[in-house]
Amino acid sequence: MSCEERSCISRFVDWLIDRLGMKSLSELKVYRHTLHPLYSLGGLTTLMFAILGITGILLLMFYVPVFGESNLAYDSIVRIMEEVAYGSVIRSLHNYAANLMILLAMLHFLRVYFMGAYKRPHELTYVIGILTGLLAILGGVTGYSLRMDHIAAEAIRIGNTLVSNMPGGKWIAPLIYGIGTFDEIIGRYFAYHILVAGLIALLALLHFLMVHEHHASPPYDGSDPEPAVPFFPNHLLTETSAIFVVLGALIILSAAFPAELGQKFLPTETPPVGQPEWYLMAIYAGIKTGVDPLLAFAVVPGILLLVLVLMPWIDPAYSRHPRNRRIATLYGSILLGEFIVFTIYGTLTPGQEIPLIYAIAVGLATAIIIGLPVAKYTSKPIPPKKAARVGRVRHKPQILDQAKYILALILIIQAVSLALGVNSHLQGLYSLAAIYFGISIMALGWVIFIAKVITLDIPYITRQKEVKI
């Protein structure tokens with residue numbers, strides 16, 4: 001078949017898919033229920049990790065993991081933000097991506113947990129996902145400790161104290177912190193940070209392979225899953241467009257609102273009160289109650305986490321609807337509420353102790369306020385739903401006409417923003433250039449998505465619905 005009868009690009013793509021052994025992906029279809037935005041949380045988490053990898057490599061070129069006599073590590077970050085072209089944007093992008101990766105991982109976990117997606121055969125996939133999330137938090141701790149501002153110094157001090165006071169701490173602490181000098185600690189944290197990133201990559205790869213092997217869980221309401229669109233190229237282009245849109249938005253955010261850097265830490269000066277990042281604030285609030293630090297930091301959170309890990313075997317297997325899973329829904333809801341409340345409590349009490357009696361009262365009140373309505377919500381089982389029949393697509397020409405006008409407008413915005421970005425770059429206005437480039441990248445994502453809808457989705461869905469009817 002000649003290139004006139006069939007696109008040469010199409011033939012090349014088919015050849016490449018065949019040689020890569022990805023023929024099965026080209027025949028795979030994505031279920032309708034997995035097109036919901038909640039099912040994209042895992043993919044967005046992976047995107048944040050990819051951004052962290054790229055920006056991390058760029059930051060490694062200028063970061064100095066040495067404390068010295070005047071905190072050279074902190075000085076190197078100041079140099080990155082003030083002297084390196086796009087340095088502030090890259091460092092801010094790394095910071096925001098780290099926090100978003102942990103947030104999106106938590107939201108992804110909540111979606112899996114409350115929709116019962118850990119049911120057979122996904123139990124091990126669920127456990128590996130939890131381990132990956134814990135490593136992400138560890139990576140966040142070792143990462144923000146490398147800044148060596150007053151917040152990082154406080155995190156290192158708390159970590160060293162907790163490890164030293166745990167059983168066997170006098171042998172374990174030297175293995176982690178060495179002789180305890182900041183030069184040695186920074187060097188070790190630097191190595192830990194890279195090691196954790198590698199472990200996350202390996203576990204994430206295993207996680208994805210298991211999801212691909214066992215496929216997505218069926219709809220949680222018990223209805224039959226319906227294939228919606230082919231994975232390649234329809235869904236793949238959707239994911240690609242989302243990547244560009246999210247990446248562009250993050251670049252704009254990083255350029256417009258650079259990530260803050262705390263006060264430079266020097267052992268000879270008294271630093272201001274430092275608090276950990278938001279994802280550790282609930283545990284930090286427990287430590288501030290004055291109970292045994294090991295109990296607040298490891299024992300209690302460890303027991304609560306162990307219940308989550310074992311939930312696939314604790315939770316009854318007859319249904320995945322949250323209203324039919326009282327134990328799992330009640331436990332998860334209360335635990336989520338406690339996490340949010342104590343995160344807020346710890347944030348509002350910087351440098352202050354939290355009376356244990358107050359913490360117990362707040363915890364009990366939160367459990368009652370959340371537990372009672374959730375218990376009532378789960379008191380009546382919900383029967384499975386039947387898949388709804390889909391009607392014929394109407395007004396197709398009007399949809400296409402509107403989409404073409406929108407596509408033309410976005411192409412103009414992309415061209416203008418790209419030109420303004422290049423002009424700003426030539427003038428040395430790197431933050432402004434990054435904002436324009438971010439707009440251009442977002443526009444590219446929307447161009448890919450709209451073009452995909454016009455050329456692939458509408459014709460495909462129309463044919464499918466006509467066949468059904």
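**View 1. An aromatic cluster.** Phe109, Tyr113, Phe114, Tyr118 and Tyr126 form one aromatic cluster. The model is predicted: local features need pLDDT of at least 70, side-chain atom pairs count only at pLDDT 80 or more, and totals for chains, interfaces and linings use all residues. Residues are numbered from 1 along each chain as its sequence is written, and side-chain values use heavy atoms, with hydrogens and water left out.

**View 2. The rings of Tyr113 and Tyr118.** Rings of Phe, Tyr and Trp (its six-membered ring) pair if their centres lie within 6.5 Å; planes under 30 degrees apart count as stacked, over 60 as edge-to-face and the rest as tilted. By this rule there are 15 aromatic pairs. One of them joins Tyr113 and Tyr118, a tilted pair with 5.9 Å from centre to centre and 55° between the planes. Tyr113 is buried at 1% relative accessibility, and Tyr118 is buried at 0% (buried: under 20% relative accessible area; exposed: over 50%; partly exposed: in between; 1.4 Å probe, protein chains only).

**View 3. The rings of Trp446 and Phe449.** The ring centres of Trp446 and Phe449 are 6.1 Å apart and the planes stand at 85°, so this pair is edge-to-face. Trp446 and Phe449 are three residues apart in helix α16 (residues 430–468), and are therefore separated by about one helical turn. Helices (H or I, at least four residues) are DSSP runs, numbered from the N terminus. Trp446 is partly exposed, with a relative accessible area of 40%; Phe449 is also partly exposed, at 29%.

**View 4. Arginines over tyrosine rings.** A charge sits over a ring if NZ of Lys or CZ of Arg is within 6 Å of the ring centre and within 35 degrees of the ring normal. Arg111 lies over the face of Tyr39, 4.1 Å from the ring centre. For Arg323, the charged end sits over the ring of Tyr377, at 4.8 Å from its centre.

**View 5. Surroundings of Ala433.** Ala433 belongs to helix α16 and is buried, with 0% relative accessibility. Apart from neighbours within four places in sequence, Ala433 is in contact (heavy atoms within 4.5 Å) with Tyr86, Gly421, Ser424 and His425. Asn423 is 10 residues from Ala433 along the chain, and their C-alpha atoms are separated by 7.7 Å.

**View 6. Helix α5 and the residue Gly116.** Helix α5 (residues 87–114) has 28 residues and reaches 40 Å from its first C-alpha to its last, close to the expected 40 Å (1.5 Å times one less than the number of residues). Gly116 follows α5 and has a positive phi, near 65°.

Conventions
Helices (H or I, at least four residues) and strands (E, at least two) are DSSP runs, numbered from the N terminus.
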